[in-house]
Amino acid sequence: MGSINIRLLRAEEIECRIGTINDKGLSLLLYKDARADMKILDETFGCFGWKRTHQSIDGNLYCTVEIWDKEKQSWIAKQDVGTVSYTEKEKGQASDSFKRACVSVGIGRELYSAPFIWISAKRCNVQKKNDKYICYDKFGVGEIAYSEDREIRDLSIINKSTGEMIYSTFQNFSSKNTEQSQFYEFNSELQRTGILLNTVLSRYGVNTVEEMTPEMLGRAINSLKKTKNKSA
């Protein structure tokens, strides 16, 4: 296939899903859907230049995405397995296995470089229902910028329910949300030093980042700043 370069995801092609949630706020995860995968496959290889098949192996549904290599005159296959959906088991597995196979092809790998995204309860409608915290707000990516290494450099998140920009790493974003700034700085220092998140969490006796108080985050950030770069 030569040096075919699969383009990076655009802001409108990235969706946000709630990862964890508590009374203080929630974390967001970035993901793509199958429609974005099909669109990029069509753009890159043509609608007749790729195909997908599904097969069940040991009770798990696998998807194989094949790309036509004109130079070798053969199909190049990438395969991955899906996870069970809580709503529609078979449809969920089929869609998930397809999306995972597309990551193997190279679509959406940049999402793995996303920073930790924490949204304070002040910027979204967190509710407690039956001893569980929920939020019905819808979130989306406002803007996104990538580095030369095809990793996420800057990102902004919009609360679609209110129209407010609630998270951004862009320099021109003026936020009074100190908690958000701390989470971003903490994540940046982890990436710079190469220290594992679990190592820091165990040091402060917590299981998740959300359990860390602003004081804990401040001490952790100061400690990380004294550590050399992972490449040093």
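Two strands are taken as paired if DSSP finds at least two bridges between them. Helices (H or I, at least four residues) and strands (E, at least two) are DSSP runs, numbered from the N terminus.

A word on the source. This is a predicted model, in which local features need pLDDT of at least 70 and side-chain atom pairs count only at pLDDT 80 or more, while totals for chains, interfaces and linings use all residues. Residues are numbered from 1 along each chain as its sequence is written, and side-chain values use heavy atoms, with hydrogens and water left out.

First, the overall picture. The protein has five helices and eleven strands, and its C-alpha trace spans about 60 × 50 × 35 Å along the principal axes. Of its 232 residues, 42% count as buried; buried means under 20% relative accessible area, exposed over 50%, and partly exposed in between, with a 1.4 Å probe and protein chains only. If we take contacts (heavy atoms within 4.5 Å) between residues at least 6 apart in sequence, 53% of them join residues at least 24 apart.

I return to the sheet. It is open, has three strands in the order S3-S4-S5, and its pairing is antiparallel. Strands S3 (50-57) and S5 (74-81) stand at the edges with a single partner strand each, so one side of each is left without a neighbour in the sheet. On average, neighbouring strands here are turned by 25 degrees against each other, direction ignored. Axes are lines fitted to C-alpha atoms, for helices over the stretch in contact, and angles run from 0 to 180 degrees between N-to-C directions.

What joins S3 to strand S4? Eight bridges do, with S4 covering residues 60-69 and the two strands running antiparallel. Within this pair, Trp50 stands opposite Ile67 in S4. Eight bridges also join S4 to S5, again antiparallel.

The connections deserve attention. Asp58, in the loop between S3 and S4, has a positive phi near 55 degrees, and it is exposed, with a relative accessible area of 77%. The hairpin of S4 and S5 has four residues between the strands, and there Gln73 takes a positive phi near 55 degrees.

Helix H1 (residues 34-45) touches S3 and S4, and its direction makes about 135 degrees with that of S3. H1 has twelve residues and reaches 16 Å from its first C-alpha to its last, close to the 16 Å expected at 1.5 Å a residue; that expected span is 1.5 Å times one less than the number of residues. Which residues of H1 are buried? They are Ala34, Ala36, Asp37, Ile40, Leu41 and Phe45. These residues cover an arc of only 155 degrees around the axis, which puts them on the same side of H1; the arc is that of the directions from the helix axis to the C-beta atoms. After H1 comes Gly46, with a positive phi near 85 degrees.

I now turn to strand S10 (152-159). Six of its eight residues are buried, so S10 is largely enclosed by the rest of the structure. Seven bridges join S10 to strand S9 (residues 139-146), antiparallel, and Val141 has Ile157 as its bridge partner. Four bridges join S10 to S11, also antiparallel, with Ile158 opposite Met165 in S11.

Both turns flanking these pairings contain a positive phi. The S9 and S10 hairpin has five residues between its strands, and Arg150 in the turn has a phi of about 65 degrees; Arg150 counts as partly exposed at 30% relative accessibility. In the hairpin of S10 and S11, with four residues between the strands, Gly163 takes a positive phi near 80 degrees. Gly163 is exposed, at 57% relative accessibility.

Is Ser113 buried or exposed? At 16% relative accessibility, it counts as buried. A polar atom of its side chain lies 2.6 Å from the backbone oxygen of Glu110. Leaving aside residues up to four places away in sequence, Ser113 touches Glu151, Ile152 and Gln191.

Notes
Polar contact = N/O pair within 3.5 Å; in protein donor to acceptor, adjacent residues only side chain to side chain.
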